[in-house]
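Me: I have a chain open on my screen and would like to talk it through. Could you help me read it step by step?
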Amino acid sequence: MKILCIISIGFILINCTASSNQNKLEDKSEQLHMVDGYNQQLVDAEGKIIKDRFKPPVGYERINYKKNEFGYFLEQLPVKPIDKLVTYYNGRTKDRRDIYASVVDLPIGKRDLHQCADAVMRLRADYLYQNKKYNDIHFNFVSDGKPRYYNKFADGDYSYSTYWKYLEYIFSYANTASLHDELSTVKSMDDVRIGDTFVQKGNPIGHAIVVVDLVVNPKTGQKLVLMAQSYMPAQELQIINNPINKSISPWYALSDEVIRTPEWKFYSENLKTWN
């Protein structure tokens with residue numbers, strides 16, 4: 001049974017209170033730059049891809065990736081015009097409510113399948129598919145923990161339509177629990193890399209978000225990350241805001257403490273990476 005990503009009323013109250021208190025700490029000049037939960041000075045509304053839409057905070061730089069690397073693929077993800085809202089699988093829209101800064105411009109199908117863990121697996125699969133690394137596309141089912149391989153499913157047909165059928169097959173039988181068990185745990189937040197994923201199995205529910213961009217301060221070595229999520233019901237990927245430190249939002253500075261996102265709470269032990 002698919003594990004759904006939901007949010008409790010209690011956490012909404014906690015999160016709203018935290019955001020309210022944070023706002024009181026920000027000076028008036030900083031508040032003037034706040035738009036929909038992110039610092040407008042760090043967002044270029046004209047940017048068409050993640051790398052161009054989001055500016056590194058002062059003192060931080062991006063890492064240069066080769067064209068065949070996962071980091072390059074993620075930074076090149078297309079984003080919709082800045083005023084566009086997230087669309088659900090059924091055509092309805094999700095109001096910002098300070099949740100997200102931009103919408104990733106990728107199709108999600110017309111079934112209620114492209115949720116949190118599914119979106120993470122989809123990005124990994126899209127990267128491998130685009131680079132024709134078909135043998136590397138496989139994900140474990142929650143029922144038996146065994147992988148289902150794209151090559152076997154495609155049976156020589158590598159068309160996009162067959163590829164999407166494979167993804168929806170995976171979405172139907174994999175979830176946060178199977179993704180959590182399939183990935184390796186990152187030992188330290190300092191080791192975070194672009195493409196890593198925060199994922200909770202949940203009991204009975206879970207959630208997953210993925211690092212889609214990363215910048216580093218060359219003097220201190222500190223990293224900031226940009227993260228994306230899908231949610232429930234199935235919806236487009238969105239670049240999530242930072243409700244705790246709005247001065248750098250939508251960027252996040254990770255620590256060994258709780259990582260609070262607009263719709264979930266993660267811990268350092270939830271950080272996973274692809275093998």
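Me: What share of the contacts with a separation of 6 or more joins residues 24 or more positions apart?
Reply: Such pairs account for 65% of those contacts in the chain, where contact means heavy atoms within 4.5 Å. Please note that this is a predicted model, in which local features need pLDDT of at least 70 and side-chain atom pairs count only at pLDDT 80 or more, while totals for chains, interfaces and linings use all residues. Residues are numbered from 1 along each chain as its sequence is written, and side-chain values use heavy atoms, with hydrogens and water left out.

Me: How many helices and strands does the chain have?
Reply: There are eight helices and 17 strands. Both are DSSP runs numbered from the N terminus, with at least four residues for helices (H or I) and at least two for strands (E).

Me: And what percentage of the residues is buried?
Reply: Of the 275 residues, 52% count as buried. Buried means under 20% relative accessible area, exposed over 50%, and partly exposed in between (1.4 Å probe, protein chains only).

Me: Which residues have the most contacts inside the largest nonpolar core?
Reply: They are Ile137, Leu179, Phe198, Val212 and Met227, in a core of 71 residues. Helix H5 (residues 116-130) gives the largest share of this core, nine residues. A nonpolar core is a set of buried Ala, Val, Leu, Ile, Met, Phe, Trp, Tyr and Cys residues joined through side-chain atoms within 4.5 Å.

Me: Staying with H5, at what angle does it cross H7?
Reply: The axes of H5 and helix H7 (residues 160-173) cross at roughly 150° and come within 10 Å. That makes H5 roughly antiparallel to H7. Axes are lines fitted to C-alpha atoms, for helices over the stretch in contact, and angles run from 0 to 180 degrees between N-to-C directions. Angles under 35 degrees count as roughly parallel, over 145 as roughly antiparallel, 65 to 115 as roughly perpendicular and the rest as oblique.

Me: Which residues meet there?
Reply: On the H5 side they include Met121, Arg122 and Ala125, and on the H7 side Tyr163, Trp164 and Leu167.

Me: Is Arg122 buried or exposed?
Reply: Arg122 is buried, with a relative accessible area of 0%.

Me: Changing topic, why is strand E12 largely enclosed?
Reply: Six of the seven residues of E12 (residues 223-229) are buried, so the rest of the structure largely encloses this strand.

Me: Which strands pair with E12?
Reply: Strand E11 (residues 207-216) runs antiparallel to E12 and is joined to E12 by six bridges. Strand E14 (residues 252-253) is also antiparallel to E12, over two bridges, and so is strand E13 (residues 238-240), again over two. Two strands pair if DSSP finds at least two bridges between them.

Me: Which residues face each other?
Reply: Asp213 has Leu226 as its bridge partner, Leu224 stands opposite Ala253, and Ala228 is partnered by Ile239.

Me: Where are the cis peptide bonds around here?
Reply: One joins Met232 and Pro233, with omega about -5°, and Pro233 is in the loop between E12 and E13. Another runs from Ser249 to Pro250, with omega near 15°.
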